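Here's a quick tour of a two-chain model, written for someone who likes the cut-offs spelled out. Have the viewer open as you read.

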Amino acid sequence: MTDISSPYTLRSQRFRREREADWARLERLMDKVEKGSAAKLTDDEILAIPVLYRSTLSALSVARETSLDQGLVEFLETLAARAYFFVYGSRATLQDRLARFFSNDWPASVRSLWRETLVSGALMLLGAVVAAWLVSIEPDWFYAFVPADLAGGRDPAASTETLRATLDGSEDQPGLSVFAAYLFTHNAQVAILAFALGFSLCVPTALLMLYNGTMLGAFFALFASRGLGVEIGGWLLIHGVTELFAVTLAGAAGLKIGWAVAFPGDSSRLDAAVSAGRTAAVCMGGVVVMLFVAGLLEGFGRQLIVDTGARYAVAALTGLIWAAYFYGPRGRAFRGL
Amino acid sequence: MVSESIGKSTERVFVTPEGVDLRLNIGDAGQRAAAFLMDAAIIMAVLVGLTIVAIFMGVGAGAAGGFAGVEVLAVIWLLVFFVLRNFYFTAFELSAAAATPGKRMFGLRVASRDGGRLRAESVFARNALRELEVFMPLSLLISRADQGGAEGWMWILALVWAGVFVFFPLFNKDRLRAGDLVGGTWVVRTPRRKLTRDMADEGAERLAQFVFEPAQLEAYGAKELHVLESVLRQRDRGTMRAVAARISTKIGWTRGFDDRDEDFLSAYYAALRGRLEQRLLMGVRRRDKHDV
């Protein structure tokens, strides 16, 4: 290294020499952090990083304006970017995040989606009513709405006795947990698809909601035509209150995004999509939790609780719990979105 | 502020809360696709491994006569598959590196487009849309179109429609997936770069031997200076000789008998940089030799 007092030393060289040690320190710290040992940083180091980051950032601004040493500017750009991602990276612990999600973010997002929730629920109901009406006049419509593998023999060709037997929960006792896991993963996948489809301007999500409704309506009409209306109600609703609510919310989240993309209002299309996407994503995270609960209720609760009255009681209870959780009055700690 | 025109096609304005533009480079389509394929390969490998283990253990459990054992395995398999499919990307992108193993391999990471913190819901949203961009087109592809007639045409139309989402990143300049659009994120490159030697360190020493006239330092601008910098860094003899000859002719420098090319070039580099930086302090940036 040259003598610092040399008369030929450039101003930019001096600038660099005075700060080089700080940059090297920040670089070492970033190497450490990026190797995944952020927890091993000492208190001093944690306090030093933001200071070093800001001084590096200001050095970058100065260097861009006064130095023509290209290597220096490029180095400072990458170092500042690395430090930026650490300083502004999220460092909330998983526990804090989960606590905030359940106490605030999730109910707040569900609340703010109330309009979409009503629309998505209405679409499903419409599908159910139309399908029920069609099946009640012409049972063959059933085959159009329910795929054979899902019906599993519960179709208009089956006798009333067979239909009744499928409702009492005694049939597939041994494989219960597999069944529950399968139902959960399958339904969660459909819900996530409903959400993702929303991006293509609402229409596919709306169709999926309608279709979901038609399956429900077709089943109901089939059983009702054999005088099993009350029983099928209990059989569906014990988990259905949770599951259908979850699917409705997933549809609502999809609609929210699609609507924001199609009709962004005052903000730009991109900004509208981003803000809608954030609300909807929080809601979707919760939907997966709800579907997990629904899967448990469907796989275990329905097979173990066979009394129709008890099934209705469970259904009403879950409905009450969800409604109170999402829409009930909140304390002051609730910040909303 | 005079903006430098070094802009590469992948460079984007990215202003930190402190108001400094970091000029990040976005990951191009090839890197993104490669990173995704890498992640997909990892997921597949885990699933295949898990399946093999499950089969062996299932055979063992079945032999032991316990149906319950097989059942537990099936549940675990289903849940692991679900978690991998939906949360592999989310979990890794929520970590400090903000990148899946595939992305890390290619020096990529996810960042919030507005320069703020990368939020959990953004990461969740960008990955939930993979259902639309990856899994739906895949399942469409797998479902056979052997019915012919109208069904076949429907299948082709559906495939085209799904293709819109698959190739979405190719149709916007920031290479945003539909998921990035909704999550408010983008994928940027975060290379590591060592601080290279300041080429003026050697040149400044030699300025005592080489004295340039002010007029001789007016010949070039910043762009030529940067070219000279990289020539000096590479230290290739042939190139240095050619460049030295070119510069001496241009500025009318008579070479001494024992002047080494490298000494001359580094001295000229230091002198030119000193001159240009002096003018920079006065607010005049000379981009290249044509810029007066």
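## Strands in chain B

Two strands count as paired if DSSP finds at least two bridges between them; strands themselves are DSSP runs (E, at least two residues) and helices are runs too (H or I, at least four), numbered from the N terminus. With that in hand, B:Ser112 stands opposite B:Thr185 in β4(B). β3(B) and β4(B) run antiparallel and are joined by five bridges.

On β2(B), the pairing with β4(B) is also antiparallel, over two bridges, and B:Asn25 sits opposite B:Arg189 in β4(B). β4(B) covers residues 185-189, and four of its five residues are buried, where buried takes 20 or more other C-beta atoms within 10 Å of the residue's own, exposed means 12 or fewer, partly exposed is in between, and C-beta atoms are placed from the backbone.

## Ground rules

This is a predicted model, where local features need pLDDT of at least 70, side-chain atom pairs count only at pLDDT 80 or more, and totals for chains, interfaces and linings use all residues. Residues are numbered from 1 along each chain as its sequence is written, while chains are lettered from A and ligands numbered from 1 in the order in which they are written.

## Where the chains meet

The contact draws 65 residues from chain A and 61 residues from chain B, with contact meaning C-beta atoms, placed from the backbone, within 7 Å. On the chain A side, α3(A) gives the largest share, 12 residues.

What does α3(A) pack against? Its buried residues meet α1 and α2 of chain A, together with β2 (24-26) and β3 (108-112) of chain B. Those buried residues include A:Leu72, A:Phe75 and A:Tyr84.

## Nonpolar cores

A nonpolar core here is a set of buried Ala, Val, Leu, Ile, Met, Phe, Trp, Tyr and Cys residues joined through C-beta atoms within 7 Å. The largest one has 130 residues, and A:Phe195, A:Ala250 and A:Met284 are among those with the most contacts inside it. Helix α11 of chain A (residues 229-262) supplies the largest share of this core, 18 residues.

Leaving out residues up to four places away in sequence, A:Met284 touches partners in both chains, including A:Ile192, A:Ala253, B:Phe124 and B:Ala128. A second, separate core of 25 residues includes A:Leu68, B:Met240, B:Ile247 and B:Ala271.

Notes:
Two residues are in contact if their C-beta atoms, placed from the backbone, lie within 7 Å.
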